[in-house]
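Trainee: I would like to learn how to read the features of a structure.
Mentor: Let us look at one together.

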Amino acid sequence: MEKWRKVASDYVFKSPFGNLRKDKLVLPDGQLIDSYYVNEYEDWVNAVVLTKDQHLVLVRQYRHAAQDFFLEVPAGKAEANESPREAIIREVREETGYISDSSPIKLGEFYVNPATQTNKVITFLFLDAYQAFEQDLDPTEFIDIHLIDIEEMEKMIASGEINQLFTASAYYMAKSYFMTRLKEN
């Protein structure tokens, strides 16, 4: 198997939220694709935030593309020169006011949609989190904080009450982390 060969590339547009690139490609068998569109996005981070009393800290916010409100794990992207770990600590604090005295645990790093997007999501776990600050939201953020009993999370995913992919996958990564640690002990 061979990689596809890019013979030309032009930007359709660029914006602070991402870029759209049009590539001209030659496939391994010689076929030509004149217009293959690639969305260039920055990597982002998200976190399962678990409090000392076993509640998950979720945020509810409006998502314009879907025209609806979503209950999600806190998330965002790194600012200038921030590591993913530094970015998620800042994002969780800004969006929720929660912090932890221990360092976030990296659960995984995955491409979002490698067929058409360039970015990854890096997922972390905060343990024994507690609210130490007020929210410090960006001007375009309108976020409500929700504390969910960890025992209710799977029911909420199964019922569709939580229907955002990255929130469900982050939860199941955290669950896998806990199951692995139980087997080790």
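This is a predicted model: local features need pLDDT of at least 70, side-chain atom pairs count only at pLDDT 80 or more; totals for chains, interfaces and linings use all residues.

Mentor: Residues are numbered from 1 along each chain as its sequence is written, and side-chain values use heavy atoms, with hydrogens and water left out.

Trainee: How many helices and strands does the chain have?
Mentor: Helices (H or I, at least four residues) and strands (E, at least two) are DSSP runs, numbered from the N terminus. Here there are three helices and eleven strands, in the order β-β-β-β-β-β-β-α-β-β-β-β-α-α along the sequence. The C-alpha trace spans about 60 × 45 × 35 Å along its principal axes.

Trainee: What share of the chain is buried?
Mentor: Buried means under 20% relative accessible area, exposed over 50%, and partly exposed in between (1.4 Å probe, protein chains only). Of the 185 residues in this chain, 37% are buried.

Trainee: What is the volume of the largest pocket?
Mentor: On a 1 Å grid over the protein atoms alone, a pocket is an open set of points with protein on both sides within 12 Å along at least five of seven lines, whereas a cavity is a set where a 1.4 Å probe fits but cannot get out; lining residues have an atom within 4 Å of a point. Points are joined across faces, edges and corners, and a volume is the space filled by probe spheres set on them. The largest pocket has about 1,400 Å³. It is lined by 34 residues, with Phe17, Trp44, Gln61, Arg63 and Gly76 closest to its centre. Elements giving two or more residues to this lining include strand 2 (18–26), strand 6 (68–72) and helix 1 (84–96).

Trainee: Which classes of residue line the largest pocket?
Mentor: Ala, Val, Leu, Ile, Met, Phe, Trp, Tyr, Cys and Pro count as nonpolar, Asp, Glu, Lys and Arg as charged, and the others, Gly among them, as polar. The lining has 14 nonpolar, eleven polar and nine charged residues.

Trainee: Which element gives the largest share of the lining of the second largest pocket?
Mentor: Helix 3 does, with five residues. This pocket holds about 280 Å³, and its lining divides into nine nonpolar, two polar and four charged residues.

Trainee: Which residues make a nonpolar surface patch?
Mentor: In a nonpolar patch, side chains of Val, Leu, Ile, Met, Phe, Trp or Tyr are joined within 5 Å, from residues with over 30% relative accessible area and no salt bridge. A salt bridge is a side-chain nitrogen of Lys or Arg within 4 Å of a carboxyl oxygen of Asp or Glu. Areas come from the Shrake-Rupley method with a 1.4 Å probe. Val12, Phe13 and Tyr37 make a patch of about 290 Å². Phe13 belongs to strand 1 (residues 5–15) and counts as partly exposed because its relative accessibility is 45%.

Trainee: What is the phi of Asn81?
Mentor: Most residues other than glycine have a negative phi. Asn81 has a positive phi of about 65 degrees. Asn81 sits in the loop between strand 7 and helix 1 and is exposed, with a relative accessible area of 81%. Asp128, in strand 10, also has a positive phi, near 55 degrees.

Key
Patches are made of residues with over 30% relative accessible area and no salt bridge: like charges are joined within 9 Å, nonpolar side chains (Val, Leu, Ile, Met, Phe, Trp, Tyr) within 5 Å.
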